Structures are given as structure tokens and as C-alpha cells.
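Open the model in your viewer and keep the sequence panel beside it. The stops below tell you what to select next and what is there.

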Amino acid sequence: MNDLYDSRFIIKTDPKKDCILYKLPRTWWSRSYEYAWASLFVKDYHVVLDSGCGISHPFKFYLSDQCKELYACDIDNRILSPEDILKDIENDFGKEVAKEFPEKYFNQINYIKADLKRLPFKSKKFDLIYCISVLEHLPYQDIKLSLEEFKRTLKDVGLIVLTFDYPSINLEDFRNIMAEVDLEFAGNVSFQLPKNAITSNIHSRLYCFRAVLRKHNR
């Protein structure tokens, strides 16, 4: 995919995956596109962080099968409890999915309760840091602090792969935060909203932006 590293709005003709371990709910309007794109970055030699990974969200399980080592962190205490994870999977995806859920995903993932503003990892640990549809829930200053932590824990040649809702995040504000933190876009960037951008079937005029960041002048 030639535009893999481009930061832009996700559009209706982009690839999508409606099933990541299990079928995604229709109310997760952007996830099938986000996961399909984000999954293209991971390599089998990568040490990866899925930050703000959610409890039932299946992307962390998928990633753990694709990389060398996966860390999944969330501020929710339930991320540390297999029982709570299964309960959330049951609530979101049904009893049968929870019943058949592979136990290996409780053993091959490093689950961490953590605030994105204070990640409990050494500097330059990760080849790849994901943050899928999380930053829009944070105030401006917390976005900045989170990006600073991503930069600190990212290897010099690593990538930060993000998605977030627009206009929940102002794109010019986001560019300014990046400049303050000394991060840059890894490829081309366009803030123009296309006519065929995917949009929420619940919240009108809510769109999804994807971004790939790296350390400045790496």
C-alpha cells in the first residue's frame, strides 16, 4: 500500500476487517478500518505497545500473534483480571465468544495498568506504539504528556500509529502539540476532509483521522 505512512482521514474505499478474532459490532463504526490499516505495520521482530488498549477490544490479541513481545496497557483496573476481560468480551460479543476465547491470550500478553501520561517503561523500549481511538478522550495537556511518553519509550527508528475522532481533536492543535513534543509525521499529511470519509452511524459529522508519527530528524 503506497500511502501506508500517510496521515489523513480514513475513507470508505480503504481496506476493512470486520472480524478480528471475532466479528466486530456494527456500532464500532471505525474499528474495522482502523484495525485493517494499523495491522499492516507490525513485524514478527517488533516489541509493541498497545496503549489505551481497552478491555474487550481484540486488537491486542491479534497483535500478540504477530510480534515478538506485546505490552497492553489501560488505565482501567480490569485489564489485570482475566475474569473481567472475559466478562467484558461476553458483554460486547456474546457468551459463545467468551466461552471459546483462547486462553493463550492471557499468557502471551504483558498486561499493565497505566496512565498514558506516566508509562512504566524504560526509554527506547518499543519499535511500535499503537494508540487507537483514545486521544480524543483526553484534554489538550494530557495529549501532549501522552505524546511525550510515547516519544520517550519509542526506539529512535520506531513509529507511533494513531487514530482519533475528528472534530473531537482539532487537527491544527494536534500539529502544534507535535511541534512542542518534537515529533513529525512519517509520511505525507492532509487535513482536507474528503467527501467519502467514513463517518459515524451514531454521532453525525464524526470522522476518523489516522496518523503515523516518528521522532524528529531521526
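## Stop 1: the cysteines

Select Cys-73: its relative accessible area is 0%, so it is buried. Here buried means under 20% relative accessible area, exposed means over 50%, and partly exposed lies in between, with a 1.4 Å probe and protein chains only.

Before going on, note that this is a predicted model, where local features need pLDDT of at least 70 and side-chain atom pairs count only at pLDDT 80 or more, while totals for chains, interfaces and linings use all residues. Residues are numbered from 1 along each chain as its sequence is written, and side-chain values use heavy atoms, with hydrogens and water left out.

A disulfide is a pair of cysteine sulfur atoms within 2.5 Å. A search of the whole structure finds zero disulfides.

## Stop 2: the largest pocket

The volume is about 360 Å³.

How is a pocket found? Rolling a probe the size of a water molecule over the atoms shows where empty space is left. On a 1 Å grid over the protein atoms alone, a pocket is an open set of points where a 1.4 Å probe fits, with protein on both sides within 12 Å along at least five of seven lines; lining residues have an atom within 4 Å of a point. Grid points are joined across faces, edges and corners, and a volume is the space filled by probe spheres set on the points.

Colour α1 (31-38) and α5: these are the elements that give two or more residues to the lining of the largest pocket. Helices (H or I, at least four residues) and strands (E, at least two) are DSSP runs, numbered from the N terminus. By residue class, the lining has nine nonpolar, six polar and seven charged members. Ala, Val, Leu, Ile, Met, Phe, Trp, Tyr, Cys and Pro count as nonpolar, Asp, Glu, Lys and Arg as charged, and the others, Gly among them, as polar.

## Stop 3: the second largest pocket

Select Trp-29, Arg-31, Glu-136, His-137 and Asp-165. They lie nearest the centre of the second largest pocket, which has 13 lining residues. Its space is about 250 Å³. The lining divides into three nonpolar, seven polar and three charged residues.

## Stop 4: along α5

Go to Glu-149 in helix α5 (residues 140-153). Buried or exposed? Glu-149 is buried, with 12% relative accessible area. Its side chain reaches the backbone nitrogen of Leu-119 at 2.7 Å. Glu-149 is also in contact (heavy atoms within 4.5 Å) with Leu-116, Lys-117 and Arg-118, among others, leaving aside neighbours within four places in sequence.

Thr-153 is in helix α5 as well. Its relative accessible area is 0%, so Thr-153 is buried. Not counting residues up to four places away in sequence, Thr-153 touches partners including Leu-119, Phe-121, Lys-124, Phe-126 and Ile-129.

## Stop 5

Step to Lys-124, in the loop between β6 (109-113) and β7 (126-132). Lys-124 is not a glycine, yet its phi is positive, about 60°. The residue is partly exposed, at 45%.

Asp-182 sits in the loop between α6 and β9 (183-185). Its phi, near 70°, is again positive in a residue other than glycine. Asp-182 is partly exposed, at 35% relative accessibility.

Next, select Tyr-166 and Pro-167. The peptide bond between them is cis, with omega near 10°. Pro-167 lies in the loop between β8 (154-166) and α6 (171-181).

## Stop 6: two distances

Select Val-48 in strand β4 (residues 47-51). Val-48 is buried, with 0% relative accessible area. Val-48 touches Tyr-130, and its other partners include Val-42, Leu-63, Cys-67 and Phe-126.

Finish at Ala-179 in helix α6. Ala-179 is exposed, at 58%. From its C-alpha to that of Asp-44 is 31 Å, across 135 residues along the chain.

Technical notes:
A polar contact is a pair of N or O atoms within 3.5 Å; within protein, one must be able to donate a hydrogen and the other to accept it, and residues adjacent in sequence count only if both atoms are side-chain atoms.
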